[in-house]
Every structure is written in structure tokens, then in C-alpha cells.
Amino acid sequence: MDDNYFMKMALALAIKGQGFVSPNPMVGAVIVKDGNVVGKGYHKAVGEAHAEINAINDAQTLARGATLYITLEPCNHTGRTPPCTVKIVEAGIRHVIVAMSDPNPDVAGGGVDYIKNHGINVTLGVCENEAKKLNEAYIKYVTIKHPFVIIKCAATLDGRIATKTGDSRWVSGDESRIYVHRLRHSVDAIMVGINTVKQDDPALTVRLNDMKGMDPARIILDTNLTIFEEAKVLRLNSNSDTIIISGNSVSEDKKVAIEALGAKVIQSPVKDGMIDLDQLMDRLGSLGITSLLIEGGGSVIASALKAGIVDKVIFFYAPKILGGDDGMPICKGSGPALMEECIPVKDIHVRRFGDDVMIEGYIKD
């Protein structure tokens, strides 16, 4: 068993914190002594102990002289919890193997430097790519203070997300929809346009049978503030926020009425009659939203792609064909004149969910 084996074990622990630790990164730790795992831990929730602390507490005195595998550089600053580097030194850890440096400009390098200066051997970069993918949203957010943006949609084989009447229940199958709820659980916020709310009246919550998921904040793009007061998103029993993004020229009375229902109305600049998504990313970042899932509809998906805010796409294709050109397309509006002007999707990953095929890829490096 080599370093990769134990680091992958730490990465598997880290992902258990998905949905619970934002805006912190997901981190896992494993302590190994004489080839045996003597301690495990992961960051479970914001404000609670970090992964390496939980692993050291699990190992107790067996941590002395052992090797610590950690998926992210240990913190060397006091935030909601004390610095982990001090605890590592006090525990007598002999060797620390780190998957990736912390990209946070406020802490980068400090953890590795501290433990090196206290005589601990450090190896950096084991399973680095896997660790970066795990915390891709955290990396973007701490670097530029914008959320990591994912587009998710479900379509027929001929590229339609709904029929001509707007019927979209259900394009994809049960297994795909379960995965989407896990995806919702993993992000800070989910965003749709007002037409999706009017057509489908979605709850935009997380519903999982095997765990209690965390509802993301619900963001509704509603330039003219036309949302109806009976909409489900305004009448949910949820610990997360409903945020309506409107333009600046909307009725103050309607704004007051919507906020009286418990939602937040945020007025934002408009471009070409729609919310300026590039400027909106600045605002969402300032609210501490590190990851954003766009679920539609076609106008919102198209405008997000054109605005260049999208990092990742997740498209589900169901084995169905509408057989006409009057259904609702994945993207609405005009596209490029030449095929060479298409948006390239990189690092493709394909999975099956029942009879559906999911294609996942990245638009930005």
C-alpha cells in the first residue's frame, strides 16, 4: 500500500462533508503507523473541528511518530477553530503528506512552512488533481470571490427540455433525479428564471431518502418582479433563503409584499432586458455563495453561457425523441453562425443513470 492508497482513503473521507462545510473546503485525513491506519477524520461542519484534529483525536497516543495524510494543507491561522498546525506538532506526527496547497491567499503556504520549521517532513502533491477537483468550488471562490457555476439540464435526444406546452415532467428517469438532488445538496445556491417558476412552480429543495440533505439558497431571476405570491419558493419550510433578483425599476409595493413572505429581493443591474449575470456573480460572491447550480430554463442557460460565467455543465439525455422543432430547446435565442464558434467542453466524463446518459464537462480550465 503506497501513499496514493492512503490519500485516496482521505479523499473518500473528505467527500462526506459535501454540502455541510461550505464556505470551508472538504478535507479528509488519515493517520498511518507501521503500515496500519490508526486514525481517521474529516471536516464535518462549519465551526467544528478540522479533519486532521479529528484524525489525531481518533489516533490518540498512536499519532506520535506516525504519518498524516491530509487532502489540503493544514491551516495555520485562527478562524472559527484554532490552527491545526500546532496540534499536529504537539501530537508528535513525524511526516505529513499533503495532496494540495491551500489556494486561499490569506493562508497559502503558512501551514506547510510552519510544520516544516518544527522538524516535520512534508510531501506535497500526492493525488493533487483529485483533491483539486473535489474542492473546485472552494478554489475558485477563494481566488476570485465568484461562485463556481454549474449548468444542469435534462433533455430528450433531440435536445428539448420541455414540450411546446412547457411540460417537462419527466424528461429524465428516477435515478437521474436522485443524483440531481445530491447535486443540489452539494451546492450553496440553485438558480432558475421566473418562467420556470411560473411554468413548473418548483420547490427547489433537496429530497433524499437515505440522508437529510441541505437545501441550497433558491435564486430566482425575475427582472420585472412578476413572481406570484402563492409560488412554492415563497412558502417553504426551509432553513435556506429564497432570493429574488430583480431589476432596479420595480414596484416598491410588490417588493415589500414579497419580502413580507420571508424572501429577499435584491435589485441588480440589467443588460439587454435581462439581469446582468456577470455583475450578479460579484453580488453572489459578496454574499458568501461559493457554488451555484443553474437549472434553467432555456433563456437563463443561454444567457449564462453567453456571459461566460459557467465553469461546468452536466447534461442528462433521456432515450426519448419529441420529433418536432416546436419543443423548448436547451438554449433559447440566437447562436453562432459558424461551428468553429461553438463553446468547447473539455475533460468529458460520461455516466449512465438507468437508461439516461449524463455528460459532464468543463467550459473553463
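Predicted model: local features only at pLDDT ≥ 70, side-chain atom pairs only at ≥ 80, totals over all residues.
**Entry 1: helix 9**

I started with helix 9, which covers residues 252-260. Which of its residues are buried? I found Lys-254, Lys-255 and Ile-258. Looking down the axis of helix 9, I saw its buried residues fall within an arc of 100°, so they line one face of the helix. A handy reminder for me: an α-helix has 3.6 residues a turn, so residues three or four places apart point the same way.

Next I checked the face turned away from the buried side, and there I found the exposed residues Asp-253 and Ala-260. Then I looked for what covers the buried residues; strand 10 (242-246) and strand 11 (264-267) are among the covering parts.

**Entry 2: the ends of helix 9**

At the start of helix 9, I noted a side-chain oxygen of Ser-251 within 3.3 Å of the backbone nitrogen of Asp-253. After the helix comes Gly-262, with a positive phi near 105°.

I traced an open sheet of 9 strands, in the order 11-10-9-8-14-6-15-18-17, with mixed pairing. Strand 11 and strand 17 (346-353) each have a single partner strand, so one side of each is left without a neighbour in the sheet. Ignoring direction, neighbouring strands are turned by 20° against each other on average.

Methods: Residues numbered from 1 in each chain as written. Heavy atoms only, no water. Buried < 20%, exposed > 50% of the residue type's maximum accessible area, 1.4 Å probe, protein only. Helix = DSSP H or I, 4+ residues; strand = E, 2+ residues; numbered from the N terminus. Arc of directions from axis to C-beta. Contact = heavy atoms within 4.5 Å. Polar contact = N/O pair within 3.5 Å; in protein donor to acceptor, adjacent residues only side chain to side chain. Pairing = 2+ DSSP bridges. Axes fitted to C-alpha atoms, helices over the stretch in contact; angles between N-to-C directions.
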